Amino acid sequence: TPAPLSRALRAAPQSPALGNARGDPGRSRARDPATAGNDAGAPRAPATGGEGEPHSRHQDARLGSTDKELKSGATAADSVRTASGTPRQPGPRAEVMDAAGGSRNSLPRPCHVLVLLNPRGGKGKALQLFWSHVQPLLAQADVSFTLMLTERRNHARELVRAEDLRRWDALVVMSGDGLIHEVVNGLMERPDWETAIQKPLCSLPAGSGNAVAASLNHYAGYEQVTNEDLLTNCTQLLCRRLLAPMNLLSLQTACGQRLFSVLSLAWGFIADVDLESEKFRRLGEMRFALGTCLRLAALRTYRGSLAYLPAETLASRGAPSLARAPQGPADTHVVPLEQPVPPHWTVVPEQDFVLVLALLHSHLASELFTAPMGRCSAGAMHLFYVRAGVSRATLLRLFLAMEKGRHMEYHCPHLVYVPVVAFRLEPKDGKGVFAVDGELLISGAVQGQVLPNYFWMVSGCRESPPSLKPQPSPRRKSQQRPPPAERR
């Protein structure tokens with residue numbers, strides 16, 4: 001049984017209090033958050049890597065040039081400790097773009113964030129990592145925080161559903177991808193979902209699957225790293241305060257459920273590995289390697305039908321305006337599951353699959369560079385599927401090559417990749433389960449579409465992903481095209 005919140009907080013080496021608020025709300029903001037340094041007198045972080053400086057296996061430098069560009073006369077503010085849930089006057093906050101786009105912006109300086117931390121995530125060391133690797137960097141960068149520990153599944157979902165979001169400049173999620181999934185779905189279940197989903201989010205990796213954090217690390221131009229190095233890099237992104245819009249995947253199930261994905265939907269091999277390796281959670285990311293070996297030894301196939309709307313088809317037709325409904329955003333590219341897909345969709349004949357994966361980002365785990373073809377356009381996602389008939393040796397070779405993003409270079413005839421806007425997947429034999437952002441989803445059929453640039457995350461740059469253009473974009477050489485029999 002999970003420890004209650006108060007007991008978990010007493011385990012913190014610093015203090016049972018839930019925060020470290022620094023800075024005067026009336027102070028002016030730094031004009032360039034990428035070059036703003038530490039306050040004079042603020043303690044230096046024991047962790048390697050400075051604000052905005054990538055941390056890698058080959059770098060062990062202390063704080064870089066950014067901490068030398070201090071504004072003369074800066075003084076450290078008194079440290080004030082705040083308890084979880086204690087009302088606080090919000091400081092100035094960034095203007096955040098709406099879903100359709102707008103002026104680019106960043107978090108204010110100083111800013112106050114709510115940190116939602118799962119103390120049991122990954123190897124169960126998230127709380128210790130927060131105090132040793134995250135808190136010192138936040139103190140330098142004028143980022144004060146209130147810390148809340150989640151105590152059970154969907155606790156974060158409940159918290160953000162009821163929280164007064166005006167008190168925070170951003171929500172920081174320190175765990176794996178499952179906790180970000182909870183937070184986004186909690187925001188979308190609020191009566192004020194339309195404004196709540198605009199609250200900036202930040203991912204600090206401390207779980208088993210840290211794919212969102214690894215993808216943001218990749219977009220920022222940092223080299224692929226794991227564990228504490230990845231945590232340090234993502235904390236540095238928070239210190240820099242830059243925001244970028246992210247796609248969101250809207251999903252509908254056969255039982256009428258509506259939910260949202262920040263990362264992926266998997267069916268077949270990947271979903272089985274993700275869910276069956278839960279019992280090895282204490283191994284951290286190694287659980288996926290072990291799960292892959294076990295599933296390869298007993299390789300399964302899964303019969304189903306797949307259909308999708310290619311991104312190039314939508315681009316040639318022109319993207320429709322995003323309609324909205326009172327209960328949430330409308331899915332403008334899909335029809336009810338009981339109806340056939342629209343005639344301009346591509347239909348894959350019913351067959352046996354090894355896996356199907358719809359992926360919004362570049363990484364499926366911190367060491368699985370699954371989409372090396374580049375960041376998807378706004379409103380598009382990566383769709384991969386592997387047909388039955390692939391050998392165990394070939395499948396293993398593909399997963400090993402995926403660490404460096406070289407699996408597409410094998411031109412495996414069983415592996416198909418296409419960028420899509422929407423998809424529908426219907427299992428036919430009752431085998432296989434769905435995993436959404438690593439979480440179990442039981443359903444007879446699922447369909448989904450991308451909501452372009454729908455929410456905000458702390459990122460390494462201000463750049464938005466490219467929009468779908470009114471003409472087809474050229475395909476990359478490594479891309480596996482669906483055979484003619486699968487095109488409509």
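This is a predicted model: local features need pLDDT of at least 70, side-chain atom pairs count only at pLDDT 80 or more; totals for chains, interfaces and linings use all residues.
Figure 1. Phe 130 and Trp 131 form an edge-to-face aromatic pair, with 5.3 Å from centre to centre and 80° between the planes. A pair of aromatic rings is described in these two terms, the distance of the centres and the angle of the planes.

**Figure 2. The pair of Phe 130 and Phe 145.** The ring centres of Phe 130 and Phe 145 are 5.1 Å apart and the planes stand at 80°, so this pair is edge-to-face. Distant parts of the chain are linked by the pair: Phe 130 belongs to helix 2 (residues 126-140), whereas Phe 145 belongs to strand 2 (residues 143-149), and the two residues are 15 residues apart. Phe 145 is buried, its relative accessible area being 1%.

**Figure 3. An aromatic cluster.** One aromatic cluster is formed by Trp 267, Tyr 302, Phe 353, Tyr 385 and Phe 434. In the whole structure, a search finds nine aromatic pairs.

**Figure 4. The packing of helix 3 against helix 4.** Helix 3 (residues 155-162) packs with helix 4 (residues 177-188) at an angle of about 30°, and the axes of the two helices are 8 Å apart. The crossing of helix 3 and helix 4 is right-handed. On the side of helix 3, the contact is made by His 155, Ala 156, Arg 157, Val 160 and Arg 161. Helix 4 contributes Leu 179, Glu 182, Val 183, Asn 185, Gly 186 and Leu 187. Of the residues in this contact of helix 3 with helix 4, five are nonpolar, three are polar and three are charged.

Figure 5. A disulfide is a covalent bond between the sulfur atoms of two cysteines. The count of disulfides in this structure comes to zero. Why is Cys 239 in no disulfide? The nearest cysteine sulfur, that of Cys 111, is 8.9 Å away, whereas a disulfide requires a pair of cysteine sulfur atoms within 2.5 Å. Cys 239 is buried, with 1% relative accessible area.

**Figure 6. The burial of Cys 376.** Is Cys 376 buried or exposed? Cys 376 has a relative accessibility of 7% and therefore counts as buried.

Conventions: Residues are numbered from 1 along each chain as its sequence is written. Side-chain values use heavy atoms; hydrogens and water are left out. Axes are lines fitted to C-alpha atoms, for helices over the stretch in contact, and angles run from 0 to 180 degrees between N-to-C directions. Helices (H or I, at least four residues) and strands (E, at least two) are DSSP runs, numbered from the N terminus. A crossing is left-handed if the near helix is turned anticlockwise from the far one by less than a right angle, and right-handed if clockwise. Contact means heavy atoms within 4.5 Å. Ala, Val, Leu, Ile, Met, Phe, Trp, Tyr, Cys and Pro count as nonpolar, Asp, Glu, Lys and Arg as charged, and the others, Gly among them, as polar. Buried means under 20% relative accessible area, exposed over 50%, partly exposed in between (1.4 Å probe, protein chains only). Rings of Phe, Tyr and Trp (its six-membered ring) pair if their centres lie within 6.5 Å; planes under 30 degrees apart count as stacked, over 60 as edge-to-face and the rest as tilted.
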